[in-house]
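Please keep the sequence and the structure in view while reading.

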Amino acid sequence: MSESEGAVISELGTLAGRASTEGASGARSPSARDAVRALRPSQIREVANAGFGVPDVLPFWFGESDQVTPQFIRDAASQALADGATFYTHNLGIAPLREALAGYVSRLHGDTRPAEIAVTSAGVNALMLAAQLVVGAGDRVVAVTPLWPNLVEIPKILGATVETVSLTYGEDGWVLDLDRLLAALTPGTRMLMINSPNNPTGWVMTREQQQAVLDRCRQNGIWLIADEVYERLYYGDDATVAPSFLDLATRNERVIAVNSFSKAWLMTGWRLGWIVAPEGVMEDLGKLVEYNTSCAPSFVQLAGIAAVRDGEQFTQSVVAGLRASRDYLVTALQGIPGVDVRAPLGSMYLFFKLQGADRSLELCKTLVRESGLGLAPGSAFGPEGEGYVRWCYACDTGRLDAGVARLRQFLETRAGL
Ligand SMILES: Cc1ncc(COP(=O)(O)O)c(C=O)c1O
C-alpha cells in the first residue's frame with residue numbers, strides 16, 4: 001500500500017472511530033480514536049502503582065541505572081546554558097553533534113557521514129520517527145518478541161498490524177528460531193523491528209542471523225528498523241559493542257538504526273538519541289522532526305558532544321560494572337529454588353522463569369505489596385513473556401543482595417502455606 005493510500009485509510013479510520021464512540025451527533029463523552037484506545041497500558045506502571053504507600057520498596061522494574069549522569073556531561077550542559085544555548089536548532093541536530101556521532105558510529109561500525117545522522121529526542125522518539133517515515137495504516141509489521149512494549153505499540157498508533165515471532169527459552173537461555181523469522185518476512189511485509197541486545201530478555205542476535213535477515217529484507221523490499229540502544233551493553237567475546245546491522249548494511253539501503261544516550265552514558269532523563277539512515281530520506285525525516293519536536297534541546301545536544309567525545313572510558317566502566325552485577329545476580333538467583341535463570345549476553349536485565357509467575361502481573365503486584373520487591377511482570381512484554389519476570393540489575397550489589405533476600409523469603413513463605 002502506498003503511503004498516501006495509508007493516509008486516506010487512516011483518516012477514514014479516525015472518522016469511523018469517532019462515530020463509534022461519540023455517535024453522529026457527538027453527544028457521547030469525548031474519547032480518543034480506536035487505535036489509541038486499543039493500546040496496551042503499561043503493566044510496569046500498574047505494578048509501581050500497587051507499590052505506592054509501601055515503605056522501602058526496592059525498585060528493579062525500570063530500565064535505568066541508580067547512578068547520576070557523570071559530572072563532565074552535566075558540566076557541559078551547565079556551560080552550554082551559561083553560554084545561552086537556549087534556541088531552536090536545525091531539525092536534524094547541530095552540525096558538531098552530527099559530526100561527533102558520525103565519527104563515533106564510524107569507529108564502531110564503519111564509514112558513516114554526518115548527512116546520514118539525525119539527532120532525536122532520545123530513543124523512543126527515534127523509534128516513532130522511524131516508524132512514521134516508513135509505516136502507514138494497514139501495513140504489516142513483524143517484530144521479534146518478548147519485547148519492550150513501545151516497539152510493538154508504536155506501529156499500531158500508525159494503524160499498522162504487528163505480527164510477532166517469539167524467541168524461545170531453553171538450556172541456552174532465550175534463542176531465535178531463524179527459520180520462523182525468515183518465513184514471517186513475506187513480500188507483503190513493510191517493516192521488521194529487531195531489538196538486539198534485547199529488552200527484556202538480554203538476547204543478542206548473532207552476526208550470521210543478522211546476515212540472513214538482512215538478505216531476506218533486501219529480497220522482499222522490507223524496511224529494517226534496528227533498535228540498538230543497548231549495543232554497548234554487551235558481554236560477549238571481549239568486544240566493546242554488540243553485532244550490529246550497521247556492520248553489514250551499506251548506508252544506502254532500507255536499514256534504519258535507532259540509538260540513544262540513555263544507556264551508554266546514563267542520560268535517561270536528558271532525552272537525547274539519534275538515527276542512522278540513508279541520506280536520501282533525511283529531508284523527509286527532518287520534516288517529521290519538525291512536526292514532532294522541532295529539534296532536541298540545544299544545551300542537551302551540546303552536552304551530547306561531550307559524552308561522545310570524552311565518554312568512552314566512562315561507558316566501558318559502566319559496562320564492566322553491569323557485567324559484574326549480572327554475574328552476581330545470576331549466581332545469587334540460581335541458589336533459590338523455583339528460579340530458572342541463565343546469564344544473557346547483553347542489556348541490563350535478567351528475564352527469568354519464576355515459580356508461580358504464570359499470572360506474572362498478579363504475582364508482581366503481590367511481591368511489591370507484601371515484600372517491597374519491585375519486579376516487572378513478563379506479560380508486560382507480550383503474551384510470550386507470561387511465566388517470567390524482569391529484573392534490572394543496574395545497581396550496587398548491596399541492593400541486589402537485599403532484593404534476593406526478599407525474593408527468597410517470599411517464595412519460602414509461599415511454599416510453607
Ligand atoms: C529496547 C529499547 N529501545 C529504546 C528505548 C528508549 O530509550 P530512551 O527513550 O530513553 O532513549 C528503551 C528504553 O528503555 C528500550 O528498552
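Predicted model: local features only at pLDDT ≥ 70, side-chain atom pairs only at ≥ 80, totals over all residues.

## Gly304

Gly304 is part of helix α12, which runs over residues 298–310. Is Gly304 buried or exposed? Gly304 has 29 C-beta neighbours inside 10 Å, and 20 or more are needed, so Gly304 counts as buried.

Leaving aside residues up to four places away in sequence, Gly304 touches Leu97, Phe261 and Leu272. Gln132, by contrast, lies 25 Å from Gly304, C-alpha to C-alpha, with a separation of 172 residues in sequence.

## Packing of α3 and α14

Two packed helices are described by the angle between their axes and by the distance between those axes. For helix α3 (residues 43–50) and helix α14 (residues 360–371), the angle is about 30° and the axes are 8 Å apart. Angles under 35 degrees count as roughly parallel, so α3 is roughly parallel to α14. The crossing of α3 past α14 is right-handed.

On the α3 side, Gln43, Glu46, Val47 and Ala50 make the contact. On the α14 side, the contact residues are Leu361, Cys364, Lys365, Val368 and Arg369. By class, this contact of α3 with α14 has five nonpolar, three charged and one polar residues.

Technical notes. Residues numbered from 1 in each chain as written. Axes fitted to C-alpha atoms, helices over the stretch in contact; angles between N-to-C directions. Helix = DSSP H or I, 4+ residues; strand = E, 2+ residues; numbered from the N terminus. Parallel < 35°, antiparallel > 145°, perpendicular 65-115°, else oblique. Left-handed = near helix turned anticlockwise from the far one by under 90°. Contact = placed C-beta atoms within 7 Å. Nonpolar A, V, L, I, M, F, W, Y, C, P; charged D, E, K, R; others polar. Buried ≥ 20, exposed ≤ 12 C-beta atoms within 10 Å, placed from the backbone.
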